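I opened this entry to keep track of what I looked up in the structure, topic by topic. I began with charges over rings, then went on to ring pairs, salt bridges and strands.

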Amino acid sequence: MMSYRFSLFVPFSILLSNEVAAADSPMPLRIYAQSPEQSISLENQLRSAFPISNNGVELFASGTIASIWANSAVADLDYYQNHVFAGMNWHVTQNLQAELKFQYTYAADNRLDTLTIDFHDMFSIDQNGRDKVPKHQFNISSIYGNEIHDFKGETLVRALHGYMQYHLFMSGPHALAVGGSLYYKNVDDGPFKDSAFEQGAQINYSYSAGPHSIFTTAGLVHRDDDTILIDAHVKDTTTTLAIGYGFKFGGIHEVHLEYYWYEGFLGDDSAFSKPSTEVVLGYRLNLGNTVLELATVENMGLADNSTDIAFMFGIRSFL
């Protein structure tokens, strides 16, 4: 099953080459939200306001493994989830970009509990109760009556994301762009059966000078219906803020540090009404017209509404 799901990477591997670089345009990591509610619905992404180099085409695919642990008075979440993304980003006109990508998220045992507990012990981080329960469970419960247990192997998301971005201006090291998203999710069977149509808008400002790049995004998302994890009514609109810094060295290497702030989903006083925050540390290897990305995601601030830890591998090819 795993080999089938990650077969999406195969077509992209043949695009590796040492041709003249087409990925010179500065760009943040291509990573999606990992907090449990945000990761299975539409969320704004940190994006570059610069156009794709040479008004080109980007093909991309990524896989992410995540460990979810959220223990609060409203809900208890303890499970693993895995994301696969694949898509294309291209220039429609000189100033207009379009992106289309497919998301598949499923529950599978990625064995991250031991690593997470050891990491918390090493840096004296509170386990928040994780070390008091058996490892490698798949359990969700909430005060709203939602109880889902032993759902290993189930599909959480099948979704199609559409995004269009218009470049307002690019002057020297500065660039500004606005974008809009459409999202359609349909899971037609299993405990996470759901259908949703959501919309988003964002503004992106980027700065690039020499080896240094800064990316910022502010956006909002119009939500659809209730959550499928804790079965509670969500806010109609939530906001997102993100900032990232990239440093290029040695000609082919880049390191990135990114911070994401996601407004809480619920309108009550629970942990899920409060923001979830994520810090991403990533590395990019530039191989001609193809780049490889590795990243780790750690929740910051409130531990009761976000993903414990996640790891991502991605490939991006520019034509």
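I then found arginine 30 over the face of phenylalanine 60, at 3.8 Å from the ring centre.

I note that this is a predicted model, in which local features need pLDDT of at least 70 and side-chain atom pairs count only at pLDDT 80 or more, while totals for chains, interfaces and linings use all residues. Residues are numbered from 1 along each chain as its sequence is written, and side-chain values use heavy atoms, with hydrogens and water left out.

**Ring pairs**

I looked up the aromatic pairs and found 8 of them in the structure; rings of Phe, Tyr and Trp (its six-membered ring) pair if their centres lie within 6.5 Å, and planes under 30 degrees apart count as stacked, over 60 as edge-to-face and the rest as tilted. The pair of tyrosine 32 and phenylalanine 85 is tilted, because the planes stand at 45 degrees, with the ring centres 5.2 Å apart. This pair links distant parts of the chain, 53 residues apart: tyrosine 32 lies in the loop between α2 (10–13) and α3 (36–39), and phenylalanine 85 in strand β2 (residues 75–91). Here helices (H or I, at least four residues) and strands (E, at least two) are DSSP runs, numbered from the N terminus.

Are tyrosine 32 and phenylalanine 85 buried or exposed? I noted both tyrosine 32 and phenylalanine 85 as buried, where buried means under 20% relative accessible area, exposed over 50% and partly exposed in between (1.4 Å probe, protein chains only). Phenylalanine 247 and phenylalanine 249 form a stacked pair, 6.1 Å centre to centre with 15 degrees between the planes. Phenylalanine 247 is partly exposed at 28% relative accessibility, and phenylalanine 249 is partly exposed at 36%. I also recorded one aromatic cluster formed by Tyr79, Tyr80, Phe138, Phe151 and Phe192.

**Salt bridges**

How many salt bridges does the structure hold? I found 14, each a side-chain nitrogen of Lys or Arg within 4 Å of a carboxyl oxygen of Asp or Glu. Arginine 111 bridges to aspartate 109, with the closest N and O atoms 2.7 Å apart; arginine 111 is exposed at 52% relative accessible area, whereas aspartate 109 is partly exposed at 23%. Aspartate 194 and lysine 185 meet at 3.2 Å, N to O, and both are buried. Glutamate 198 and arginine 223 form a salt bridge with their closest N and O atoms 3.7 Å apart.

**Strands**

I finished with strand β6 (residues 155–171), which runs antiparallel to strand β3 (residues 96–106) and is joined to it by 11 bridges; two strands pair if DSSP finds at least two bridges between them. Leucine 100 stands opposite glycine 162 in β6. Strand β7 (residues 174–187) also runs antiparallel to β6, with 12 bridges between them, and tyrosine 184 in β7 is the bridge partner of leucine 160.

Technical notes:
A charge sits over a ring if NZ of Lys or CZ of Arg is within 6 Å of the ring centre and within 35 degrees of the ring normal.
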